[in-house]
Amino acid sequence: MSTSYFGDEGLAPDPNAEDAPFWAHCAQQRLCFQCCTDCGLLTHPPLGICPHCQSMRRDWVQAPAQARVFSFTWIHTTAHPSMKRELPYNVAVVEFDELPGVRLISNVVDAKPGGLQVGDGLKLVWEAAGSGMFVPRFCKTGT
Ligand SMILES: [Zn+2]
């Protein structure tokens with residue numbers, strides 16, 4: 001039985017030079033965001049240089065398992081045939097109270113249309129994406 005939000009053929013990450021460390025943390029089921037070691041600015045997606053102070057000294061901080069819906073939409077149509085059987089699905093922008101300014105685009109895997117609201121509490125869950133990769137997604141916490 002598949003545990004993926006997008007079925008057995010779910011989209012797998014394709015890391016590039018800048019986000020490879022992000023996905024390496026995900027492979028260990030650790031959701032980490034890039035942080036500037038000079039000014040403390042959190043950035044996502046990862047960048048080679050801090051957009052605030054131009055420092056190239058970067059570190060990673062682990063996100064808490066609790067998050068919140070910042071924004072979301074429901075996708076009802078798709079041009080790609082492989083996604084038609086997944087309709088409707090949500091795309092949610094998620095934020096963390098403890099990590100101001102950083103947001104993650106993900107999905108709330110247990111929400112049905114009409115059952116998702118801005119501010120809903122979320123819990124981080126991991127979905128296997130093949131080849132040892134894991135993708136961060138979220139479930140509603142009911143708070
Ligand atoms: Zn900085």
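Beyond its neighbours within four places in sequence, Leu31 is in contact with Phe22, Val61, Gln62, Ala63, Phe96, Leu104, Leu124, Trp126, Pro136 and Phe138. These contacts are taken from a predicted model. Leu31 also belongs to the largest nonpolar core, a set of 30 residues. Leu31, Phe33, Phe96 and Phe138 are the members with the most contacts inside this core. Six elements each supply at least two of its residues: helix H1 (20-27) and strands S1 (32-36), S4 (66-75), S5 (89-95), S7 (121-128) and S8 (134-140). Both domain 1 (16-62) and domain 2 (64-143) contribute residues, so the core lies between the two domains.

Strand S1 was examined next. Five of its five residues are buried, so S1 is largely enclosed by the rest of the structure. Cys32, Gln34 and Cys36 point one way from the strand. Phe33 and Cys35 point the other way. Burial therefore applies to the residues on both sides of S1.

S1 pairs with two other strands. With strand S3 (residues 58-62), S1 runs antiparallel and is joined by five bridges. Here Phe33 has Val61 of S3 as its bridge partner. Val61 is also one of the residues in contact with Leu31. With strand S2 (residues 42-43), the pairing is again antiparallel, over two bridges. Cys35 has Leu42 of S2 as its bridge partner. S1 and S2 form a hairpin with five residues between the strands. In this hairpin, Gly40 takes a positive phi near 85°.

Aromatic rings were then considered. A search of the whole structure finds four aromatic pairs. One of them joins Phe22 and Trp23. Their ring centres lie 5.0 Å apart, with 80° between the planes. Planes over 60 degrees apart count as edge-to-face, so this pair falls in that class. Phe22 has a relative accessible area of 3%, and Trp23 has a relative accessibility of 16%. Both values are under 20%, so both residues count as buried.

Ring pairs link Phe22 and Trp23 with Phe33, Phe96 and Phe138 into a cluster. Phe33, Phe96 and Phe138 are also among the core residues with the most contacts. Phe22, Phe96 and Phe138 are in contact with Leu31 as well. A charged side chain is placed over another ring: Arg103 lies over the face of Phe70, at 3.6 Å from the ring centre.

Technical notes: Residues are numbered from 1 along each chain as its sequence is written. This is a predicted model: local features need pLDDT of at least 70, side-chain atom pairs count only at pLDDT 80 or more; totals for chains, interfaces and linings use all residues. Side-chain values use heavy atoms; hydrogens and water are left out. Rings of Phe, Tyr and Trp (its six-membered ring) pair if their centres lie within 6.5 Å; planes under 30 degrees apart count as stacked, over 60 as edge-to-face and the rest as tilted. Buried means under 20% relative accessible area, exposed over 50%, partly exposed in between (1.4 Å probe, protein chains only). A charge sits over a ring if NZ of Lys or CZ of Arg is within 6 Å of the ring centre and within 35 degrees of the ring normal. A nonpolar core is a set of buried Ala, Val, Leu, Ile, Met, Phe, Trp, Tyr and Cys residues joined through side-chain atoms within 4.5 Å. Helices (H or I, at least four residues) and strands (E, at least two) are DSSP runs, numbered from the N terminus. Domain bounds come from an automatic or database domain assignment. Contact means heavy atoms within 4.5 Å. Two strands pair if DSSP finds at least two bridges between them.
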